[in-house]
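This report describes the chains of one assembly and the contacts between them. Please keep the sequence and the structure in view while reading.

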Amino acid sequence: MEDIFNGIEPQVYKSQISVPYQWWAGETASKFFITLRDEKKILGKQCPQCGKVFCPPKKTCTYCYVETNEWKEVGPKGKVLTYTIVYRQLASLKKKVPVACGLIQLEGSDNAMLHYIEEIEPEKITTGMQVEAVFADEKSASIHAISHFRPVK
Amino acid sequence: MAKRRVAIVGTGQTHHRSHRPDVNGQELIHEAVTRALEDADLSIKNIDAILIGNMDHFEGINYVDCWSIDGSGGYHKPVIKLTTGGTTGSTLAIGGYHFVASGMFDKVLIIGWEKNSESDTTGAITTAFDPVWDRLVFAGAISGLAVEAQAYMAKYGATDRDGARVSVRDRKHACNNPYAQLRKEVTLEEVLASPMLADPIHLLDVCPRTDGACAVIMASEEYAEKITSTPDWIWATANRHKYTYLGDVNWGELDSMAQASQDLFKKCGITEPRKQIDVIEMYQPYSFAGIIWIEDMGIVPRGKGAEYIWSGATDMGGELPINPSGGVIACNPIGATGLIRCAEAAMQVMGKAEGRQVPDVNFAVSTGFGGCMWTDMILHGKKKPNL
Amino acid sequence: MEAAIIGIGMTTIEKSKIGATYADLVWEAVNKALNDAGIGIEDIDNVITTSSDFWDGRTISCMAVGDASGVRYKNCSAVEGDGTFGAAYALARTLSGDYNTTLVTAHSKGSESISSIITNAAFDPIYQRSFGLDMISASAMQARAYMHATGTTAEQLALVSCKNHKNAKDNPYAQLPMDITVEDVLNSEMIADPLHKLDCSPVSDGCCAIIIANADFVKKLNVKPVWIKGVAFCADAYFMGDRDLSKARALEEAAKKAYTMAGITNPQKEIDIAEVYDAFTYQELMWIEGLGLAEYGKAGTMLEKGMFNKDGRLPVNPSGGLLSGHPVIAAGLYRIAEVVLQLRGQAGERQVNARRGVAQGVNGLCGQSHCVWVLDKDK
């Protein structure tokens, strides 16, 4: 079927989709972010049925499909469940490599949070390592109110 | 015909609004699903599988079937995503019907949703068209609709007053629907005096942008009659997604509607749709479609759409009420819109439409519109269909 | 189940098919599938296309392939996600009794976009997306979790890559046929620890089409049908932090259901060939276990013993798998098509001895959602 291209140079049309987005965080994530920013406290939310505490918090329990109700303070210490160190400057990365990222289960929480692991040589990170949240100097009502996690000294 | 009978046993929708900053997408979905489960008196544990859909570039979420689990209740369930543009909601309903009819599942949950407030709707829709041939000349959805209206007007001498009459109808109907986004009556003069967006379409002729979700539960015959005493039986489905390029469209007639309705009515033995159908929930994104598309559906002969609309036959209390919910002009969370038509038609058959109930509905039609002038259709009935 | 696959069509999988649009690829695969079944487009009474708006850079991506799939005068629909899910819906339509023959297509041109940015969009924008992870870096976290939990080694992962690239040498459709060693894999660029470049599948272009028909229609044909015995799909929790990434629970559940439908009680004994979704080396091992074809944590050792080689007890990915060519969206449908060829005895140089096979597809990050197909030579 490619024969029709004999003697024809295939032309490539370049473009991109640029659509601006604004994602509403919703009340649950908003409260979590505002508390992070203003009080430097990390909040989880508990399912009334199975008792699991979720951090990052969510409005509904993944497992029971009921609304979570009780806010619980969790962390700021936790452990690394798994992690990666990214060495290639992937197009999606904003930071300069190497970037260490992991799933961190905070004390008092039943799930894990995705975040950077820093203040350690990446090669020395281990699964199960104890880490703690370091808050950012710059105030923001976002997940980046926590700058990163670092090993507990 | 299908091997198993399938019925809608519950529906739920959010109160649709232009912005829902209090919830994220997953939470919006959860609201609609919870209401559908309550309506059917079921719990998420009773659901065998989930179909979900929206249009990716409105929210910028890749793999929505995976992302939506906390909202849909899909944890450790089969979840599949169907999406076909504006027809997404009706496509989902048709999908749910087939999954139950096949015997693969007994009870399925169908979810359509959109948070149009999260992006630039027109910017995203523009990318639907061929990047080399169509995208640079046709911007968004409204230009195509204006071309359709112009072509029809040139052929049959319809005027923008005729279009405005449809908008007046739908906006009046919407006042009876607590879920609709725009619930304000307008006059003909107000429609005609509103800003011209793309000649002959005025601002009040078209649909708004909406945040909203809709959920529908379908069940096989064995379960349907246990779940509710008034199931809405799906008699048949049909669709045509004829065109790939805008330049191929037969402007001024909706071929896809004409062909899909012939297919649909043939499957169900409907020979006189105007007499046999009691109510239509039409995915009608702008007013002129309310005239043109009822001709394609075979409700009235070609060129007679406007006359039929002016007679009041499609108003509440008329011979064949169209869009008792207020339709798409009153509310348009795009990925949910086609499913809302299906849910509203089901509510009419089940006798659950409250302030917007049409009396004695035996047959209802719901439709979806989108893509490149495409149509989806479902025939709903109070009685069981023949197998 | 009263349905069979009566025709398949595949384009070659290549790094960049610069001379072809999506529609051109679909046109090629559809015509091959029709020829394979010995029927014309008029014998097809409905169509399912499978595509992704993100991967295609186009809202309503199904629109682009409508003409090429022959939907113009037919009932049709579109699934977004892996082709195995598109095929699952096609199966439902065929079994519903409303239709006799359903054409399924799935296409992708990874060459036209930047996969890292597209898979980053699979992360939720509120809590996760801004960290800049993508499919490779997320999978690296899963690879580590799996290796940590099972003791599977980097060498065992590398061996998957060696096996599959070697298998690809017998597959004229594969993109990356080559002889490589464990050392080659371990010495290749470390993209996201512990995944090396040769642990990852490439970016690819390709399209696959299959035709599903009901038993009555099959009787009219003069082809070798491959019978569909079991199909199931299942999704896990969304947030990676809500899952035990070291386990493929959703796959286990889907496989269990599919086997039950097929009347299979001991998959290790009753399945003769598996085409699995090896987007990364570790995934082949995890999915083999998730599919019940090896005990949890034992696939690496079995691989070392050669059990998954082409001449082993249970050949896995004799086609070369995704590691040798990964047109996203189409990848799972290629797995089905490959199993069909094997069961018909038409797999050429890559033919293995098989009566019953399993094919698998995946949606989302780190195998969040799986679709499992059990196919049989006999009804």
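## Strand pairing and chain contacts

Strand E3 (residues 79-82) of chain B pairs with E3(C) in the antiparallel sense over 2 bridges. Strands are DSSP runs of E with at least two residues and helices are runs of H or I with at least four residues, numbered from the N terminus; two strands pair if DSSP finds at least two bridges between them. Opposite Glu80(C) in E3(C) stands Lys81(B).

This is a predicted model, in which local features need pLDDT of at least 70 and side-chain atom pairs count only at pLDDT 80 or more, while totals for chains, interfaces and linings use all residues. Residues are numbered from 1 along each chain as its sequence is written, and chains are lettered from A and ligands numbered from 1 in the order in which they are written.

Contacts between chains B and C involve 46 residues of chain C and 49 residues of chain B; two residues are in contact if their C-beta atoms, placed from the backbone, lie within 7 Å. Elements of chain C that each supply at least two residues of the side touching chain B include helix H4 (83-95), strand E8 (226-235) and helix H10 (249-262). This side of chain C has 25 nonpolar, 11 polar and 10 charged residues. Here Ala, Val, Leu, Ile, Met, Phe, Trp, Tyr, Cys and Pro count as nonpolar, Asp, Glu, Lys and Arg as charged, and the others, Gly among them, as polar.

Between chains B and A, 23 residues of chain B are in contact with 19 residues of chain A. H4(B) gives the largest share of the side of chain B that touches chain A, 3 residues. By class, that side comprises 8 nonpolar, 9 polar and 6 charged residues.

## Chains A and C

Chain A has 1 helix and 8 strands. Its radius of gyration, taken over C-alpha atoms, is 21 Å, well over the 15 Å that the globule rule (2.2 Å times the number of residues to the power 0.38) gives for 153 residues, so chain A is more spread out than a compact globule. Chain C has 14 helices and 11 strands.

A residue is buried if 20 or more other C-beta atoms, placed from the backbone, lie within 10 Å of its own.

| Chain | Residues | Buried share |
|---|---|---|
| Chain A | 153 residues | 39% buried |
| Chain C | 379 residues | 72% buried |

Notes: Buried ≥ 20, exposed ≤ 12 C-beta atoms within 10 Å, placed from the backbone.
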